[in-house]
Amino acid sequence: MALNARLDHRNPLVFDTHELGRRPGALQRLSRSIEAPAGDAIFGIQGVIGVPAGAPVQLDLRLESVMEGVLVTGTVRATAEGECVRCLEPLELTLEADFQEMFSYPDADDRGRAVARPADDVDAEQDEDRLFIEDGLFDLEPVLRDAVVLALPMQPVCQDDCPGLCSQCGVRLADDPDHHHDAVDIRWAALQGLANSVQDGEKDEMSGEAPKSTRAAEKQEK
């Protein structure tokens, strides 16, 4: 991860490590309530389920100073919203996700300034996958975003046994467990019509009348 020009300490997801110092073994515990960010920083799976922008998010963190940087261990709690993939009804999901991430100290000279590296430096390429402490600050947003996404279901359901919607009329089956449609096999439709004709003929014979088809033919002749 490339170093930012400067992190904003007013951002609720930016944390200060100056009090912790660079003493290996030093610990600091923090609790913070924030509002879920909006836009590209959305906590969730776009269009499926996620923590709405502005919703409360509770963070409990443990910061530990190590030789390489600061090891951040924590838990995020929030309520995600989405819709059931089976019946399309709105749903809410209580979310709790644990995470752990190392924020490394950048290479620095004796005045604490980051040392520039040549563009073809192999270590510089490896740094693209690392997170850094910048001027004693670190940004927790990308770590939280990944933790929340991994904790959310890819196919959320309102209940494990949700029966979904009727494939023919779209009725929510959980609201009408006895809902069904009488299915007619088209392969038997012609035979059913023939059976009805035979039954009509039998009824005419029993009543002493000519079959309906015969009476219809006689009317046409007249």
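How many salt bridges does the structure hold? The structure holds 6 salt bridges, a salt bridge being a side-chain nitrogen of Lys or Arg within 4 Å of a carboxyl oxygen of Asp or Glu. The model shown is predicted, so that local features need pLDDT of at least 70 and side-chain atom pairs count only at pLDDT 80 or more, whereas totals for chains, interfaces and linings use all residues. Residues are numbered from 1 along each chain as its sequence is written, and side-chain values use heavy atoms, with hydrogens and water left out.

**View A. The salt bridge between D8 and R10.** The side chains of D8 and R10 meet in a salt bridge, with 3.1 Å from N to O. D8 counts as partly exposed at 34% relative accessibility, and R10 counts as exposed at 66%; here buried means under 20% relative accessible area, exposed over 50%, and partly exposed in between, with a 1.4 Å probe and protein chains only.

View B. The side chains of R77 and E96 form a salt bridge at 3.4 Å, N to O. R77 belongs to strand β6 (residues 69–83) and E96 to strand β7 (residues 90–104), so the pair ties together parts that are 19 residues apart in sequence; helices (H or I, at least four residues) and strands (E, at least two) are DSSP runs, numbered from the N terminus. R77 is partly exposed, with a relative accessible area of 33%, while E96 is exposed, with a relative accessible area of 53%. D60 joins R77 and E96 in a network of salt bridges.

**View C. R145 in helix α2.** R145 lies in helix α2, which spans residues 141–151, and forms a salt bridge with E141 in which the closest N and O atoms are 3.3 Å apart. Both R145 and E141 lie in this helix, 4 residues apart, or about one turn. R145 is partly exposed, with a relative accessible area of 25%. R145 and F43 are 102 residues apart in sequence, yet their C-alpha atoms are 5.2 Å apart in space.

**View D. The buried acidic residue D139.** D139, in strand β9 (residues 137–139), is buried yet has no salt bridge, and the nearest side chain of opposite charge, that of R145, is 7.5 Å away; for charge, Lys and Arg count as positive and Asp and Glu as negative, with His and the chain ends not counted. The side chain of D139 reaches the backbone nitrogen of E141 at 3.1 Å. Leaving aside residues up to four places away in sequence, D139 touches L7, L13, V14 and F103, where contact means heavy atoms within 4.5 Å.

View E. A search of the whole structure finds 0 disulfides, a disulfide being a pair of cysteine sulfur atoms within 2.5 Å. C87 is accordingly in no disulfide, and the nearest cysteine sulfur, that of C84, is 3.7 Å away. C87 is buried, with a relative accessible area of 3%. The sulfur of C162 lies 3.7 Å from the closest cysteine sulfur, in C158, which is too far for a bond. At 5% relative accessibility, C162 also counts as buried.

Notes. A polar contact is a pair of N or O atoms within 3.5 Å; within protein, one must be able to donate a hydrogen and the other to accept it, and residues adjacent in sequence count only if both atoms are side-chain atoms.
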